[in-house]
Amino acid sequence: ALPIIIDCDPGVDDAIALLLALASPELEVRAVTTVAGNVPGDRTAENARRVLALAGRGDVPVHAGCVGPILGPVMRGKYSGAGGLGGTLLPEAEAPLAAGHAVDVLTAELSAAARAGTPVTVCTLGPFTNLAVALARDPSLAQGIKQIVSMAGAFVAGGNRTPTAEFNVLADPHAAEIVLRCGAPVVLAPLDVTFQALATPARVAAFRAMPGRVVQTAAELITFYDRNDPDRYGEPGGPLHDPCVVAYLLKPELFGARAANVSVELTEGKCYGQTVGDFFNTTDRPRNATVLSRLDAPGFFDLLWSRLASYA
Ligand code: BDR
Ligand code: CA
C-alpha cells in the first residue's frame, strides 16, 4: 500500500476525505497531523480523533500542529459550523492525542523516508503551515517526499474567500509558497476541480439509501455542509473539496491535469493569496506543479460512496 500522511483541519470535507482514505486498502495512513484552519487547532485535532473513532481506526495516531499561520491574520472556515463537524454527530474519540507536534512528526517521518529511500506521499487538506515549517527547518525533507497532493488554490474558478484567493492558501499564503518551492512534486486540487465534486441532493439521496453507521453519519455531515445555494455552482449542493485529493491518489484517471509554474501572490492588495499559474510558459520559471482541472464526477461519486459504504 502507498504510505501517506494526511495533514488536515476537519472540517466536514476533511472528515469525508479521511473516511475515504481509511476505507481504501491501496493506502497506508501512517499518521494524521492537524492544523488550525476551518476551526482552531484544538478543535481540528479533536475532530480528527472523532473521525478516526467513527472509522474504527483509533490505531492511527493524530498529532496536533500549528495553531496559526506563519504570518498574517488568523482565518476560519465558513461552512463547517462552529465546532467544525456539524455538532454532536460524531462519536467520542477512542484514543488520546498522540505525543509529538505535527511538525516534529513530519520531520521524523520524512527524514526516515529519505534515509531509507522510500519516499512518503503527503496530503494536505488545510493551510500549509505544518509542512512549510518542517521544510523551513530542514529543506532536505523534500527528499523524503514522493509527492505532495493538496487541496489548494483557484485559477479560472475565482476564489472562495476573496475574488481571487482560496481559503487554504489565503489562510497561510507564505506557507503555500514555501511548499510550492520545496522541489518535491506537487499536485494541486484547486477550486476549479473541486467545484465539480458537487454533492447534489440526488447524489446524497442515493448515498443515504446505503446501509451503515458511517454512511448515515457522513450523509448527515454532508447535508449540514451543503450550502444549498443554486447560484453558486450552477446546481444545488456543496462541493466535496478535500476528498478530491484522496480520490486522485486512488484513481488519477478520474482527473484531467495541466503542468505549470505556480506561485502565490504575497504582495498585500486585492490579489493577496492568489495562486498564479503560468500555464502557457510565459516565464522561464520551472513547472513545479500539476494542477488538476477536470473531474469525472460520476466516477468520483461511485468511488466515494462505495468506499464509505464498505465500512458497513
Ligand atoms: C478548503 O477550505 C476548507 O474550508 C475546506 O475544508 C477545504 O479544505 C476549500 O477552500
Ligand atoms: Ca480542509
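Helix α6 (residues 173-180) is mostly covered in this predicted model, with seven of its eight residues buried, a residue being counted as buried if 20 or more other C-beta atoms, placed from the backbone, lie within 10 Å of its own, as exposed if 12 or fewer do, and as partly exposed in between. Helices (H or I, at least four residues) and strands (E, at least two) are taken as DSSP runs, numbered from the N terminus. The buried residues of α6 are P173, A175, A176, E177, I178, V179 and L180, and they pack against α4 (129-137), β5 (145-151), α5, β6 (186-189), β9 and β11 (289-295). Two residues are in contact if their C-beta atoms, placed from the backbone, lie within 7 Å; leaving out residues up to four places away in sequence, V179 touches F128, L131, A132, L135, I148 and V186.

V179 also belongs to the largest nonpolar core, which has 105 residues and in which I6, L18, L19, V179 and V245 touch the most other members. The largest share of this core, nine residues, comes from α1. Such a core is a set of buried Ala, Val, Leu, Ile, Met, Phe, Trp, Tyr and Cys residues joined through C-beta atoms within 7 Å. V245 lies in helix α11, where P243, C244, V245, V246, A247 and Y248 are buried; because six of the eight residues of α11 (residues 243-250) are buried, this helix is largely enclosed by the rest of the structure.

The strands form an open sheet of nine with mixed pairing, in the order β3-β2-β1-β4-β5-β6-β11-β9-β10, where two strands pair if DSSP finds at least two bridges between them. At the edges stand β3 (62-64) and β10 (275-278), each with a single partner strand, so that one side of each is left without a neighbour in the sheet. From one strand to the next the twist averages 30°. Strand β1 (residues 2-8) pairs with β4 (residues 120-124) in the parallel sense over four bridges, with T124 in β4 as the bridge partner of D7. The pairing of β1 with β2 is likewise parallel and extends over seven bridges, P3 standing opposite E28 in β2. Strand β2 is itself mostly covered, with six of its eight residues buried. Helix α2 (residues 41-55) lies across β1, β2 (27-34) and β3, and runs at about 175° to β3; axes here are lines fitted to C-alpha atoms, for helices over the stretch in contact, and angles run from 0 to 180 degrees between N-to-C directions.

Within strand β9 (residues 255-264) lies V262, which counts as buried because it has 26 C-beta neighbours inside 10 Å. Apart from neighbours within four places in sequence, V262 is in contact with L180, L188, T275, V276, G277, N288, A289 and V291. V262 and R181 are 81 residues apart in sequence, yet their C-alpha atoms are 9.0 Å apart in space.

Ligand 1 is surrounded by 14 residues, the closest being G11, D13, G77, F167 and H241, where a residue is near a molecule or strand if its C-beta atom, placed from the backbone, lies within 6 Å of it. Both α1 (12-22) and α5 (167-170) supply at least two residues of this shell. By class, the shell has three nonpolar, seven polar and four charged residues, with Ala, Val, Leu, Ile, Met, Phe, Trp, Tyr, Cys and Pro counted as nonpolar, Asp, Glu, Lys and Arg as charged, and the others, Gly among them, as polar.

Residues are numbered from 1 along each chain as its sequence is written, while chains are lettered from A and ligands numbered from 1 in the order in which they are written. In this predicted model, local features need pLDDT of at least 70 and side-chain atom pairs count only at pLDDT 80 or more, whereas totals for chains, interfaces and linings use all residues.
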